[in-house]
Amino acid sequence: LFKAPRGCLASKFFAQLILYLLSSVTWALRVRAQPYFVCTWIPATSAPFPSIAKRSSEDRVRIMDKLFICAFWLAAAFFYAAVVQASSSGCSSCPLTYAPVVDADTGLPFYNDCVAKCQLGAGANLVPAGSRRGGNTAAAGRSASASSQPDFLKLVPAPTATNVGGEVKAETIQRFSSEGYFYVGRPGFIDKPPVDVMSAPSGDVKNATNSAAEARAKNNNGNQGGASDGPTVTLRMFYPEGDLYMKVWKQTELRALVQKHTGPKSETANLSRATVPQATGNDSTTLPARRLLGSAIYGSDDRREVTNLVYPYTAISRTSTGCTGAMVGATGRLVLTAAQCVYNNGVNPSAPVGFYSNILITPGLYRGGISNYGTHPVGLLQVHTTWSSQRLWEGNIAVIQLAYHYKACGSLGYAYTCGSSGYSLYTAGYPADKSLYTMWVQSAAVTTDVCSGSAEKVFPFDAADGQVGSPFWTTSDYMTRFVLSRGICCSGNGAVAITPTYFSMINDFTSNYILTTPTYILVGGPSRNQFVRCDTSSWVCTGTTSRTSATRFYGYPIAAQNKAAFRVPGTSLCLSLRSTTSIGNVNLYSCDTTSFNFYTNELWNIGLYNNVPVLLTDNGGFMWWGGSGVQMKTSSSCSSSTAGSCTWKVETP
C-alpha cells in the first residue's frame, strides 16, 4: 500500500488507519516502543492527518487510543446492524401461496405468513385475513385492534389462475423497503373487457358561460391529491412479473415530499419540462378493431380531427386498454393517463379487481391506425389509493414507466399553479364515437384553483369513451394541467388536476425509478471473471478480475430493451467510445442524465454476434478485454476464436 502513487489517497488513508489501530493495540499491551516506531515510520507528507505526525509520542499514543476506541464501537455498531437486519428479514425466498394475512397493528395485507415475516420480522402480530374471491373483502378472524384499521386487503387482487404458486426471492421482496414500500404478493393481471366506463350522461347542454370549475367533493386541501378522511396509499405494479407493492403515507411524509420537489431548492424541477420530437416516425402498424361506445357532448361537437401529425400531437398516445395517455416529462419514459385505464377498482363490474394485462403504449397514432412511432411495453406503473380503494374520481390518475426510454415522439410537460388561475387549454385523444383510431383535438378554458377543493375539476368540454386519460395542456408552454377523468353531469365533464402532491409524486417516481436504476455489472470472458472498472477521477476504464463497487453501473435501456447507456452511480459519467471509428478507448465521459439525449457512441447493443454474447456500439465497435489493469478498448471484429476477449453479458451484482 505504501508503494501506491501519492494520488491514491484512499489507499494511504486506510494503510495509516491500520497502523494507528495496531499501535493502539500494542499500547494497550504496554508495549511502549511500538507506537512511536509505527507512527514515525510514516512520512508526515503522506499522512492524511499531518498534524498527528508532528506531535509528541505521548500525544500520538492518546490520539491513537481514541481512534482505536472509536473504531471498535463503529465495528460493533455495524455488526449489530447486520445481525438485526438478518433477524428482521430472516428469509431468502418465500412461496407465493395465496393464504392472506393482515398485520394486526397496521392493517397491512400480505399474500402469506412468510411474505409478511420476511418484512416485519418473526415477531409480527399477524391474523388470518380469510379468502378473497370475486371481490369479497371479508377479513375473518381479525383482532379487535385490527378491525379499527383500514381494510387495505381490498386493494389486493386474488391471484389469477395462471400465476398461483411459485416463489419470490428476498431481493424482490425488499426492492423498495428503504422507501417504505411493502411487498404484498404477485396477483398477476386481468383482461379488460370492451365496456363503457365513462358513465356519460345524455341530453346535457353545454355551459356557454365557461365559468370556474365546481368542486364536487368536500374540501380536502387539494395539495394532498386525495381524500382527507382516509390514509394515502400508493400501489406499484411491475410488468411483466406482476409483483405488487404498497406504501401507506404519513401526512408528514407527504408534506416533506411536496417540499422536496416544489421548494426553491428542488433538484427535480427540470424533470417536468416538455421535449420536442427527436425524429419523424415512419413505421406503420395494423391494430385490432375497437367497438364504438357512448359519448358526452355538450351543445355542438367542437372536436376536430388531427390530420397532420406535428408536435405536440406526436406525444398523444393510445393505450392498449382503449384509453388515451400522453408522453410527459424530460426522460422519454413516462406516460400520464387515468387510473381506470390500468386498474379496475370495481367501477367496471364486468371485470374482477386488478391491474390490466399486456398494457402497450402507441404514441402518435392517427388517421385510422398509422402508428408513426411504434408500440411500446410497460415496465412499472403506479396508482393512487383514492382510485384503487375509495373509488373517488379525484384519484383517477396513473403514472406509467415504459420498459425503456423512447424520445423520438417528444413529450408534454406537467405543472401546477396555486391560486385562482385562468387556463387556455387544448386536449387530444381517441374518442370511440369517431372513426377507428383517429385522433381528435378540442380547446377548452377554465378558471380554477388546483390547490384547493377536490382534485377533480368540472368544466365544459366534449368527451367520449376512449378519451379517458387525455391530457389538457396550456397552449403557451405545452404543460399538462389536467387529465380527463369521466363524463358527468351537469356543468361539464371531469378532469383531475395536477396538484402539488401529484406533481411531487410524479417527480419522485421519475427520480427514484427512471433516473436511478438497479445496478448492473458487465461480466466478460468464458469464466465470467472479467469486469470493467472505471475511475471517476481520471475517467479511465480498465479491466479487472475483482467485483467491486467500482464495477457497477446504472443501466438505461434506450429505444429498445437490447440497447442501453451505462452510468456510474452518483455521477453524470457514462461508459463511452468517443471515436468516429469502431476502434478506440472505452472511458467515462460526461453525459446527459436528465434529458437522456445520448450520443450513439454512448449506447451499447446487448445481444449475440456469431453466437457470442457481446456489447456492440452502433458504429460496430465490440467491447474488448485486454487484461487486468489494461485500458478497455473496442475491436472491429469478434468471433468464436476471440470470444475470450469479446464475450460480455450484463448482469445484476
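Student: Leaving aside neighbours within four places in sequence, which residues is Ala-403 in contact with?

Tutor: Ala-403 touches Arg-333, Pro-377, Val-378, Gly-379, Pro-557 and Gln-561. Contact means heavy atoms within 4.5 Å. This is a predicted model, where local features need pLDDT of at least 70, side-chain atom pairs count only at pLDDT 80 or more, and totals for chains, interfaces and linings use all residues. Residues are numbered from 1 along each chain as its sequence is written, and side-chain values use heavy atoms, with hydrogens and water left out.

Student: Where is Ala-403 placed?

Tutor: In the loop between strand S21 (398–402) and strand S22 (413–414). Strands (E, at least two residues) are DSSP runs, numbered from the N terminus.

Student: Is Ala-403 buried or exposed?

Tutor: Buried, with a relative accessible area of 12%. Buried means under 20% relative accessible area, exposed over 50%, partly exposed in between (1.4 Å probe, protein chains only).

Student: New topic. How many residues of strand S33 are buried?

Tutor: Five of the six, in residues 552–557, so S33 is largely enclosed by the rest of the structure.

Student: Which strand does S33 pair with over three bridges?

Tutor: S30 (residues 519–524), in the antiparallel sense. Two strands pair if DSSP finds at least two bridges between them. Ile-521 stands opposite Arg-552 in S33.

Student: And which strand do four bridges join to S33?

Tutor: S34 (residues 563–567), also running antiparallel to S33. There, Tyr-554 stands opposite Arg-567.

Student: What about the hairpin of S33 and S34: which residue takes a positive phi?

Tutor: Ala-559, near 65°. The hairpin has five residues between the strands.
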